[in-house]
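Please look at the sequence and the model first.

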4 protein chains.
Amino acid sequence: MRTTSVGVFKIATKGPGDVSGLMRLIEQGAIDPAAILAILGKTEGNGGVNDFTREYAVAALCAALAPKLGLMPEEVEQRIAFVMSGGTEGVLSPHITVFTRRQVEAPPAGISGKRLSIGMAQTRDLLPEELGRSAQITETAKAVKAAMDDAGITDTADVHFVQIKCPLLTSERVEAAAARGHKTATISAYSSMAYSRGASALGVALALGEIAADVRDEDVLRRYDLFSKVASTSSGIELMHNVVIVLGNSQSSASEFEIGHAVMNDAIDASAVTEALNSVGLSLGLGLGLGAQAKAGRELVNVFAKAEASPDGTVRGLRHTMLEDTDISSTRHARAAVGGLIGGLAGTGAVYVSGGAEHQGPAGGGPVAVIARLS
Amino acid sequence: MRTTSVGVFKIATKGPGDVSGLMRLIEQGAIDPAAILAILGKTEGNGGVNDFTREYAVAALCAALAPKLGLMPEEVEQRIAFVMSGGTEGVLSPHITVFTRRQVEAPPAGISGKRLSIGMAQTRDLLPEELGRSAQITETAKAVKAAMDDAGITDTADVHFVQIKCPLLTSERVEAAAARGHKTATISAYSSMAYSRGASALGVALALGEIAADVRDEDVLRRYDLFSKVASTSSGIELMHNVVIVLGNSQSSASEFEIGHAVMNDAIDASAVTEALNSVGLSLGLGLGLGAQAKAGRELVNVFAKAEASPDGTVRGLRHTMLEDTDISSTRHARAAVGGLIGGLAGTGAVYVSGGAEHQGPAGGGPVAVIARLS
Amino acid sequence: MRTTSVGVFKIATKGPGDVSGLMRLIEQGAIDPAAILAILGKTEGNGGVNDFTREYAVAALCAALAPKLGLMPEEVEQRIAFVMSGGTEGVLSPHITVFTRRQVEAPPAGISGKRLSIGMAQTRDLLPEELGRSAQITETAKAVKAAMDDAGITDTADVHFVQIKCPLLTSERVEAAAARGHKTATISAYSSMAYSRGASALGVALALGEIAADVRDEDVLRRYDLFSKVASTSSGIELMHNVVIVLGNSQSSASEFEIGHAVMNDAIDASAVTEALNSVGLSLGLGLGLGAQAKAGRELVNVFAKAEASPDGTVRGLRHTMLEDTDISSTRHARAAVGGLIGGLAGTGAVYVSGGAEHQGPAGGGPVAVIARLS
Amino acid sequence: MRTTSVGVFKIATKGPGDVSGLMRLIEQGAIDPAAILAILGKTEGNGGVNDFTREYAVAALCAALAPKLGLMPEEVEQRIAFVMSGGTEGVLSPHITVFTRRQVEAPPAGISGKRLSIGMAQTRDLLPEELGRSAQITETAKAVKAAMDDAGITDTADVHFVQIKCPLLTSERVEAAAARGHKTATISAYSSMAYSRGASALGVALALGEIAADVRDEDVLRRYDLFSKVASTSSGIELMHNVVIVLGNSQSSASEFEIGHAVMNDAIDASAVTEALNSVGLSLGLGLGLGAQAKAGRELVNVFAKAEASPDGTVRGLRHTMLEDTDISSTRHARAAVGGLIGGLAGTGAVYVSGGAEHQGPAGGGPVAVIARLS
């Protein structure tokens, strides 16, 4: 019995503060603001510590949605999960993807197979000394399972993308732990972001059976052979718990969308991108122009991928210079290159390519998921 | 009668000053230094005005080759054409491509069809006021035809890549023109680089019949519908004439290499890259992993492409942010993105992707040529 | 008869969206929101085209002040002049300076001499084709005089800093002019910013008698010997008229502040900075540590300066590299260097140093104004 | 008895490969190439890992000096100490400073007091596991004393600037240590640069009695209250020992130069710069224009300073943004700001301001030395 319907809306933006596209769809009745569950966006910033486009975008969305939801702007962020990824290098085009979910009485006729489903859950508040360690891993794994339940997904093979927002350490948090006699995984705020992203990704891997249960504190940011093929994690200062968004396919969904994925083994893994597109019935149509997705009644909605500069300094044995560039951070290089490849194969630059892929896919690679609309 | 043999050697470098790979091949007898005609390289710099890796690389090569050629270092640059393209963004990997040419007595058996040929020519010294204008266009066209002759190519359809080095304006050159009562196309050194690149590319287009003979001064950097599909031009301060290198296929060549090309219509034109690979018998082998070029006895040597940020601010109707980024120049963005796409489809980051594509391919796109080795 | 009182509050910020310092002063009663006339700020961005910290800061301030003023957020910007200068390079520290003005019944005893006064005015809406040309110059000059009136300043020698917000061209505006048969000064949005800043600065110079009335269209961005010693202009997309803020000293002011200025002849003109500090009774106190402003009862509030890379590529005959750096824009270089000098002489990095100084001070230099509090 | 004469020549350069100024002075007989002991330079690069302007400048100087010295280019580097500091941000102007030393028979009449002296020494080769630890500290201290001897300096108070070149770790070196059963201070090449610089600076402090002998491995990069007021250290891949250059004043010198120094407590410490200038008889001449050094017969030659972004994120209690800027490295920010201050007070941008000041002056500050010529 199909009981939920998930909507996906990709909306181009004219700047980090531009909410006009979303507001128009709400005014036209295409989007019910009360049904919005999560918004993932690509904004214009550098994706680094001083990227203010992310918080600006969230502030603008909260201010615009608040009156539609009868909430104060600061309450909107409690209700909707916002994940903004800074950095639209190269052909990447700024946009937001809005996910909605609502109950349906009578599912539309003619739906067969599993369809796109979305579920959310969150961990308890984590202690500073738990970040980047087993506690964060196991708590995240529990939340992933809860989010799968929420999405009506029972088979881990039906999970195709798990987006997580996770906390980071600040000097106050480090000191609070020290005052209680505990040492944190790192004392650097910047490093703690990687630790938190890494442990969260390992939590996904644990929940989905991609790694064994014996993962240890010291494996985080070291054992890069341990990873999830569907995790995409980003850390932010505004929370102390993990928010987990599971995207997959479910029999309980009456959605007109479907999701699939593959894993890029390195930054030039065109086969994986092709495989991900094929997995939801999209073809490259090489003979006809790659942008034309030929299969009947299937249309690309968006691609979600993680990118990083290979930590060993090479791609297929050839030296890259991303890690030694003092002028451009390696995450900007990696997003530009992977964005160029995915943009070329998908036929559009409005794709979600995000940087920082610790334990998210193999070292130098990352997960790539695709959502298609079926007509 | 096949009378010349052209060699192509792609050599990875460890830095702009690294000549060890080339020296090793010379010492091993694989490369005869006296046969070297041209060296095209990708170096680590930013590709901008303050990119010193290009002149450093040339200086290091001249110093290393001088004793092998019995010349002073400064004489080497008169003998060999060096074209260094700065900027190895994303997956691009620093390397040089060495082109050699020698006469052959008895061509190897079993060669059929046209094979890789290289020819060079140069224009007379140009006056400062001629740069970026019809005089540079028509002089370049003459030199392209002379270089075709030198390469033994009679059919313009056999020309697949024309690399040009061209002059730029300095304040002294602008003043010299003014003293003779002439105004230059621009007084800015930086702008003059684009003018000179653009007029040189139009010269190629004119020679190859890609545009009509009535091209005017005011079309340069304005009529972007006028362009060459095989021109790749870069300007440098060290010369006042154009140096033209024609790469194509010829019956007179006994080379084991073949070249082909296509033109990218925009920065995500994966079809064009595929077409260029296919044109020399290389396939993507999508089912088998894209890096594996499956066709029997054919091996990728290098890809040569030009990239630029689309001047209208969009790629296939979607906004890009390359032109408004005050932190990263648009040429670095464009090389990173196009390098990611070509790297993915070719299965290697050691490809020659260069920025600044005025009148070289359509606006936002550019030529893409491929050299394959036949065994 | 002293009838107005002008307040100046310098408030450190923790980010472009941080309004907590201002809100605290309002809650404590130190600032009456209804009395706020203008807010000048330094934000963390790059100061370039893609600097979103400026609009984010304005949006955050409007959202926070709206309920205090009984206005909608978008109405706040009509009432208060916001001028955000992006770029806190080097020692520059993000902050805002809030200017208030109110009528006073009985001025405090013991005030003698002229005191800080502030006046505002605006031009009529300008046509696109008027930007960067005489029309903008003469309209600005009129508005400067109106703002002087508003400030109660009659002698041009009492004007020490004129901050202007001015429009820029967009492609729509260029086309609108073309449709009416008019050509704009430039068709590039980026260039139009410089034209608009330059013409606005010349308008200040005209109003204050610093240049003769015969200034012509073709002098803008060319005759750099024509400039104002007190103009500071910045262009923004959100308006089509010039907003003029005049800061000077007046007998009609009962303020506890005083303003003075000097003009830097180049980017290392320490004498001018010293002279500006001295002009309001502040000394460097070199023997005692430069940060300690020794003169009795005088305290530094803020320094306001414009900085730019000398267009001839040299500072006092020595080559600088700011204009050839493809990695860092010249405006960032210039703010960092001038901010270092002023920070050192003023003893604080919380100073307002802004880039882009066309016709604002001599080429390579710029105005420097200082506000001191008298106890 | 004055037995040595030290010469100092500051030569502007037109690019990292420009040796024309030095060659001219050699041809004119002003500089005897055989007398050159050391060359310190500021080059145009970013000062980071991918700054190739430093090695390019050294390669160009070696190639040019080799025939003058009857050596092969690679031998020149064994004979002359080259220290190139990349990064000419803001007003900093590219230049080299050439130090010469020769024996004199009869010193010129009229010399009194101590005069500029230069001495050099080097440590034994250090083991990878010794870098950044006590062994490097104590070996460096020994070399500093040897270099003082070489300079004819007996009183540590006469030492005003100690420039050191020191090794860094590579993965090969880390592995070599591991193979012998030893752990290095860090496994990151980038971090090892800071460790090596820091331990070398502590070695200077130890030799000069600025710190006690009980400094321990764990103090390096942690106890920032331990520092030298005259150390300036930079690490390079090309050596495994420390090269120490001591600059000070000595009775044995017949030089026409004198050196002095002070220590900047933070990046805006104008008092320290003034003190350093005063220490060699140079005044700011604030009344007359700061560039004019008024004292009779004294002329500024160069200023040598180290700059860094204060690690606590503030300058005199106010937040700076240098450490969170993903677009510009903090060392570039710091050089630009400190260069602006020193440039302003010294009246010239051709000063040597170098980044990375671990244990070189207090945290956020650094040493500043001045050389004056006496006529």
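Q: How many salt bridges does the rule find across the interface of chain C and chain D?
A: This is a predicted model, in which local features need pLDDT of at least 70 and side-chain atom pairs count only at pLDDT 80 or more, while totals for chains, interfaces and linings use all residues. Residues are numbered from 1 along each chain as its sequence is written, chains are lettered from A and ligands numbered from 1 in the order in which they are written, and side-chain values use heavy atoms, with hydrogens and water left out. A salt bridge requires a side-chain nitrogen of Lys or Arg within 4 Å of a carboxyl oxygen of Asp or Glu. Across the interface of chain C and chain D, the number of such bridges is four.

Q: Which residue of chain D forms a salt bridge with C:Glu44?
A: The closest N and O atoms of this pair are 2.5 Å apart. The partner of C:Glu44 is D:Arg319.

Q: What area is buried between chain C and chain D?
A: The contact (heavy atoms within 4.5 Å) takes 44 residues from chain C and 44 residues from chain D. Buried area is the accessible area (1.4 Å probe) that two parts lose on being put together, summed over both. Carbon and sulfur atoms give 60% of the area between chain C and chain D, which is about 3,200 Å².

Q: Which element gives the most to the side of chain C that touches chain D?
A: The count between chain C and chain D is twelve residue pairs in polar contact, both residues at pLDDT 80 or more; a polar contact is a pair of N or O atoms within 3.5 Å, where within protein one must be able to donate a hydrogen and the other to accept it, and residues adjacent in sequence count only if both atoms are side-chain atoms. At least two residues each of the touching side of chain C come from α7 (270-279), β12 (318-319) and α8 (330-346), where helices (H or I, at least four residues) and strands (E, at least two) are DSSP runs numbered from the N terminus. With nine residues, the element that gives the most is α8(C).

Q: Does B:Val243 count as buried or exposed?
A: B:Val243 lies in strand β8 (residues 243-250) of chain B. Buried means under 20% relative accessible area, exposed over 50%, and partly exposed in between (1.4 Å probe, protein chains only). Because its relative accessibility is 12%, B:Val243 counts as buried.
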